[in-house]
Amino acid sequence: MMEMQKLQTVDYDKSLEYWAEIPATLDGVLGGFGFISDVDISGSQQFLESLFLLEKGPRKEIALDCGAGIGRISKNLLVPFFNRVDVIEPDKKFLSEILNYVGADSYKIGALYQNSLQDFNPERKYDIIWNQWVLGYLKDDDLVKYLIKCRNALADNGIIIVKENVTSSGKVEADEVDSSITRPLKQFIQIFKSANLKRIKQCKQTNLPNGIYPVYMFALVPINENTI
Ligand SMILES: C[S@@+](CC[C@H](N)C(=O)[O-])C[C@H]1O[C@@H](n2cnc3c(N)ncnc32)[C@H](O)[C@@H]1O
């Protein structure tokens, strides 16, 4: 019974209330782990570059940064690669900081959607849809529905990226503070399958400090090309 209660901790209002109190800084969006950003971005660059080299790799026209925070990933990863980057972020204070944080290249930032992923309906087709350190705020059924919407919002050869913490215990672990969950690898794989997505590449982020969750990157494409 206790275990069941613990797993019900994703609460959308509580998560938003938590983030509303967090300053719009690098350390803020990374929960005091701002110092891992460079290593994280470097791993993501390598992962993304390997996808551009695929025979049917994505174009570099337009990317979507989902749960963008202050635009850390937009600035350091997506803007250098893509002509345009749209962002979605529910917290007004973070969203307001993005253009300032991206700085000189902010002309590449397109739409700024103030929205939660579970309520989001992408309006255009994207070459890359980047989801990082945000999917733990979604309930499983909403996550599947959201990934299906992302699947339908991919341009030709487009790819969905998921970069998330995974548990080592093989179980879902709940964080009562920000009302999120961390999923085990097998649960992500099940969720991707339910959304009719297949993994074309999977990689564990290296060089992270000890004592934090392992971080995995997944590159996902529609199982049935005819459905996009
Ligand atoms: C840990 S931060 C990560 C930010 C960014 N992805 C990064 O890696 O720098 C989590 C972000 O998810 C946002 N968030 C929380 N719940 C969300 C939801 N339901 N839909 C979209 N974003 C959400 C928060 O406002 C916050 O900006």
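Let's start with Lys-93, a partly exposed residue with a relative accessible area of 29%. Here buried means under 20% relative accessible area, exposed over 50%, and partly exposed in between, using a 1.4 Å probe and protein chains only. Please keep in mind that this is a predicted model, in which local features need pLDDT of at least 70 and side-chain atom pairs count only at pLDDT 80 or more, while totals for chains, interfaces and linings use all residues. Residues are numbered from 1 along each chain as its sequence is written, and side-chain values use heavy atoms, with hydrogens and water left out.

Lys-93 has a partner in Asp-91: the two form a salt bridge whose closest N and O atoms are 3.0 Å apart. The term stands for a side-chain nitrogen of Lys or Arg within 4 Å of a carboxyl oxygen of Asp or Glu. Asp-91 counts as buried, at 9% relative accessibility. By this rule the structure has six salt bridges.

Now turn to Asp-40, which is buried with a relative accessible area of 1%. One of its partners is Arg-72, with the closest N and O atoms 2.7 Å apart in their salt bridge. Asp-40 belongs to helix 4 (residues 37–52) and Arg-72 to helix 5 (residues 72–81), so this pair ties together parts that are 32 residues apart in sequence. Helices are DSSP runs of H or I with at least four residues, strands are E runs with at least two, and both are numbered from the N terminus.

Lys-163 also forms a salt bridge with Asp-40, and here the closest N and O atoms are 2.6 Å apart. This pair links distant parts of the chain, since Lys-163 sits in strand 5 (residues 154–167) and Asp-40 in helix 4, 123 residues apart. Lys-163 is buried, with a relative accessible area of 0%. Together, Asp-40, Arg-72 and Lys-163 are linked in a network of salt bridges.
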